[in-house]
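Please open the structure in your viewer and keep the selection panel at hand. The tour below goes from stop to stop, saying what to select next and what is there.

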Amino acid sequence: MKLKGKVFKYGDNVDTDVIIPARYLNTSDPKELARHCMEDIDKNFASEVEPGDIIIGGRNFGSGSSREHAPLAIKASGVSCVIAKSFARIFYRNSINIGLPILISPEAAENIEAGARIEVDLDTGKITELESGRTYQADPFPAYMQELIKAGGLIEKVKREVGQ
Amino acid sequence: MIKMGMTMVEKIIAAHTEHETVKPGQIVNARVDMILGNDVTTPVAIREFEKTGVDKVFDKDRIAIVPDHFTPNKDIKSAEQVRMIREFARKHGITYYFEVGRMGIEHCLLPEQGLALPGEIIIGADSHTCTYGALNALGTGVGSTDLAAAMATGHLWFRVPETIKFVYNGKLNKWVSGKDLILYTIGDIGVDGALYKAMEFTGEAIESLSMDGRMTMSNMAIEAGGKCGLIAYDEKTEAYLKNRAVREYTPYYSDPDAEYARVIEYDVSKIEPQVAFPHLPENTRPVSEAGGVKIDQAVIGSCTNGRMEDLRIAAEILDGKKIHPDVRCIIFPGTQEIYMEALKEGLIEVFIAAGAAVSTPTCGPCLGGHMGILASGEKAISTTNRNFVGRMGHPESEVYLASPAVAAASAVKGFITHPEEVV
C-alpha cells in the first residue's frame, strides 16, 4: 500500500502528553481526541492536517503514558503514517495493535523537511521525497509484527484464534 | 549444548511460555498473571474486548480495575467513563474492582493488596505498571487493545528485552532516597537510555532501600524508556508480602553468567538530592545547583512517592513549620490504608497544622487531571514522575521533579531547597 502526504515535523521525545493532553482524556471518542491532537506543541496541527498527511518525529516518539488515545488521536486526525528515529515501546505496541502504520528511519527523520510531500510504500518500507526523488529505506518489522499487521491488528488476530 | 545463564526477566518470561529458555529479541506469546486497567484506559479496552466476540473474561480473579485518574469523578464525562467500567466489572464479576473510598492510586494499591507478586507477569494499561519490578515481578505498561486481548485470552505477545544492569555501590547520604537514585540514573542515561530494555537495579544501596524506596525506583523505569525495572527478591520483599500475597509465588534471580547489554556502576556516596528541571525527567541537577527556583505549588504523593516512608519524611520536615505563604502544598496519600496509617501516626495533623491540603487518593494533578492544576507561568515542585510540557496544567506551566524531602523543604521556603536548610 502506498501513502502520500505532506510532512509535519517535530523533534525528539514527542510525548503522549503533548500528542493528546490528559485534560481531554475524560473521553475516548477518537474524533474529539483528534481536535486536540498535538495542540500543546503545535496549535495549528488540528486545523492544518489533511487526510494522508505524515508526521515525522525524532528519537523516542510517543514516550510517556500508555494511553492508546495518543495513536488513536493521530489516526483520527487523518495522519496516514508516522516516521521517527525511534519509538517509545508502548506507543510502538499501541500503533501496531490499532493499525496506525509506523516506520523507523533515522535518515528519513533527519533529512526530510517540514512541509515536504512524500510517498511511503508500506510493503517495501521505501520512503520517497516527491519533489527531489530522494529515497530512504525504513527498517523492516520482525516477522511476528508483520503477521499482526497483516491480520489487521491484535483484536482481529484474537478473533481468529478464539473463533477456531 | 552448554546452557547460557539467563537474567531474571528472561527467566520470568520463559516460565510463562512453553520455552525452556528465551533470548533477547525473541517474540513470544506469554501467559499473564494479572491484568490492570484504570478509568482512562479501561473504557477503550472494553470497546475492543467486545469486538473479540468473547463473552467472558479469561479469569475474573486476575483482573484489577482501579478508577484512580479522574476520581472522585471530576466532571460528567469522567463519571460516564467510570460508570462504563463499573458496569463491566459487575457484569463479569471482576473480583478486584476498587471503588472510591476503598481504592488507591493503582501502583500503591496492587502491591499493598498482595496482587503483584515475585516472578509474575503483570500487564497494566498504565505506563507505571513497571512499579512491580520492585517486587521481582515483570510489571510492564501496555495499551488498551493489549488489555482487551489479554482479558479475552490470558495471553499477550512480548519481545524478550535485553537487560541493563545497574549497580549502586556505597552508602546513601542523609536525605538521599530511591527517588534521587532513579532521577540521577535517568539524568545519566537519558529518557531513552533503556528503550525496549529491562533495567535491573542491584547493589548495596538497593539492598539498603525499604520496599517503598524500591517501588519509587522501579516506578520510573519507564522514564528511561525501560520495559521494566527489576529488583531481586530478598528478606525485605518476603516480609512485605507476608500476610498480603493472594497467590503462591516463585522469585527468579539472574544467573552469575547472565548476559547484559550494559553494566553501569554508580558510587551513591557522591549523589546528593536531585531535581529534574522542565520538561524532561533527564534534565536533572543536584539540588545545590537548582538555583533556588521560586515555586507556586508543592505536590507530595502519586504512584511514585505516595507511600508511608514518603509521608513520614515529609512530616518530619513539616513538623512545627508553616508552608510558605505563596505556596499551595497538596499531599496525596497513595491508598486508604496509607491514609489511615498516616492518620494514626499523627502525620495528617502535622500536614494540616503546617497549612497543607490533604486529599483522598487520586492521580489528580500528576497528569493535569484535577486537584491542583497549574495556571500559565506557574511552577510546581512535585514528587511525581513526569515534567513534560503541560503535564500538570497550562502548557506554559513548569514541573520540577524531586523527592518528598526536597518537595516538603521547598514548600516551607517557597523556593527549591535542600532539606538540610529547613531541618
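Helices (H or I, at least four residues) and strands (E, at least two) are DSSP runs, and they are numbered from the N terminus. Bear in mind that this is a predicted model, in which local features need pLDDT of at least 70, side-chain atom pairs count only at pLDDT 80 or more, and totals for chains, interfaces and linings use all residues. Residues are numbered from 1 along each chain as its sequence is written, while chains are lettered from A and ligands numbered from 1 in the order in which they are written.

**A loop residue**

Select B:Leu117 to begin, and you will find B:Leu117 in the loop between α4 (106-112) and β5 (121-124) of chain B. Is B:Leu117 buried or exposed? B:Leu117 counts as buried because it has 26 C-beta neighbours inside 10 Å; the rule is that a residue is buried if 20 or more other C-beta atoms lie within 10 Å of its own, exposed if 12 or fewer, and partly exposed in between, with C-beta atoms placed from the backbone. B:Ala134 is 17 residues from B:Leu117 along the chain, and their C-alpha atoms are separated by 9.7 Å.

**The helix α1 and a sheet**

Next, select residues 8-15 of chain B, which form helix α1. Seven of the eight residues of α1(B) are buried, among them B:Met8, B:Ile12 and B:Ala14. This helix lies across β8 (163-169), β9 and β10 of chain B, running at about 110° to β10(B), where axes are lines fitted to C-alpha atoms, for helices over the stretch in contact, and angles run from 0 to 180 degrees between N-to-C directions.

Show the strands themselves, and you will see an open sheet of four in the order β10-β9-β8-β11 (chain B), with parallel pairing; two strands pair if DSSP finds at least two bridges between them. Because β10 (228-230) and β11 (262-267) of chain B stand at the edges with a single partner strand each, one side of each is left without a neighbour in the sheet. From one strand to the next, the twist averages 20°. For a closer look, select B:Glu200 together with B:Leu230, its bridge partner in β10(B).

**Where the chains meet**

Turn to the boundary between the chains, where 45 residues of chain B are in contact with 37 residues of chain A. On the chain B side, α2 (42-51), α3 (76-91) and α5 (144-153) each give two or more residues, and α5(B) gives the most, with seven residues.

**The nonpolar core**

In soluble globular proteins, nonpolar side chains tend to be buried together. The largest nonpolar core has 194 residues, and those with the most contacts inside it include A:Val82, B:Met151 and B:Ala298; such a core is a set of buried Ala, Val, Leu, Ile, Met, Phe, Trp, Tyr and Cys residues joined through C-beta atoms within 7 Å.

Technical notes. Contact = placed C-beta atoms within 7 Å.
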